[in-house]
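Grab a pencil and have a go at these exercises. Try each task yourself before you read its solution.

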Amino acid sequence: MRKISEKIVFFGSGPVAAQSLELLAGDFEIEAVVTKPKPPHHRGEFPVIATAEKLGLPIHTVSSKAELSKLIAARPFRSRLGVLIDFGIIVGQDTIGYFPLGIVNSHFSVLPEWRGADPISFAILSGQKQTGISLMLLVEAMDEGPLIAYGEYDLPPDITAPLLTTHLIHLSYALLKEELPHYMAGKHSGAPQNITGRKVSYSRKLTKQDGVIDWAKPAVELEREIRAFIEWPKSRTQLGGKEVILTGAQVVDGRSKPGEILEKSQRLVIATSDKALEILRLKPAGKREMSAKEFLAGYGQQLS
């Protein structure tokens, strides 16, 4: 397939942005890439910079809204449109207004549901049955711009955040490939977010503290946390005096004081405030990931 001849400027910084850039570069002419600089302490390649270099694309690095405004003031781009994915820097109206067609943000939820920093984790934590992608015209208010298009994705009950991210990257790419040419040709403009029928909700940036298991929560919530936090901040608890990261679990029947171990022979079952959690896989500190049966064989005698 021939590339769309009109160029765009790509804004993005994280791993999601790097994968998206590589996909989009097959269908769009990328005039330049705007991304965060590689941090001094970072070892190895920095995702977007490495991808842009591999593709032979011009790279501009900015660390803040002020640096982005300074870049834009130099009038470096001729493209009518910017595309923003996983950028991590606030974009001012000067930058948005620089592009005659604005900046299209691919947001990883069906807006106005899960505006904010981490819509993927919060879609899993909520237990909802469906999420998706929104192509939104960027405005200064957080994730409140009009929609060009949106696509939906049915959530399997056992999906993890990394797997959901991969599915949404490809849905985002498919929507951008289909809808950007129509938008650039003036065939449609943005629509209010309420066309999706979703209610307004907000996600936030997770902290390391979010990963600490609270056995006073219901088992269903903890199981969702394990799937949502499997990459970061990781679901952590103490078992037999040893810190472990829980990587797989399921809700089972059982009732006792939250945090009490109900079974530790062939299965590892722990009580919560509502039902119990059977641990299927876990990773002790300094060790490899293992099944609960393997863990019990090595550490079962230390469990109280």
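Predicted model: local features only at pLDDT ≥ 70, side-chain atom pairs only at ≥ 80, totals over all residues.

Residues are numbered from 1 along each chain as its sequence is written, and side-chain values use heavy atoms, with hydrogens and water left out.

**Exercise 1.** Work out the strand order of the open sheet.

Step 1: Strands are DSSP runs of E with at least two residues, helices are H or I runs of at least four, and both are numbered from the N terminus. Two strands pair if DSSP finds at least two bridges between them.
Step 2: The seven strands line up as 3-2-1-4-5-6-7, with mixed pairing.
Step 3: Strand 3 (59–61) and strand 7 sit at the edges, each pairing on one side only.
Step 4: Zoom in on strands 4 and 5: they run parallel and share three bridges, and Val83 stands opposite Val104.

**Exercise 2.** Decide why helix 5 counts as largely enclosed.

Step 1: Buried means under 20% relative accessible area, exposed over 50%, and partly exposed in between (1.4 Å probe, protein chains only).
Step 2: Six of the helix's eight residues are buried, so the rest of the structure largely encloses it. Among them are Pro119 and Phe122.
Step 3: The cover includes strand 5, strand 6, helix 6 and helix 7 (219–228).

**Exercise 3.** Find which residues touch the most other members of the largest nonpolar core.

Step 1: Such a core is a set of buried Ala, Val, Leu, Ile, Met, Phe, Trp, Tyr and Cys residues joined through side-chain atoms within 4.5 Å.
Step 2: Out of 47 residues, the answer is Ile30 and Val104.
Step 3: Helix 6 gives the most to this core, 10 residues.

Definitions and conventions
Contact = heavy atoms within 4.5 Å.
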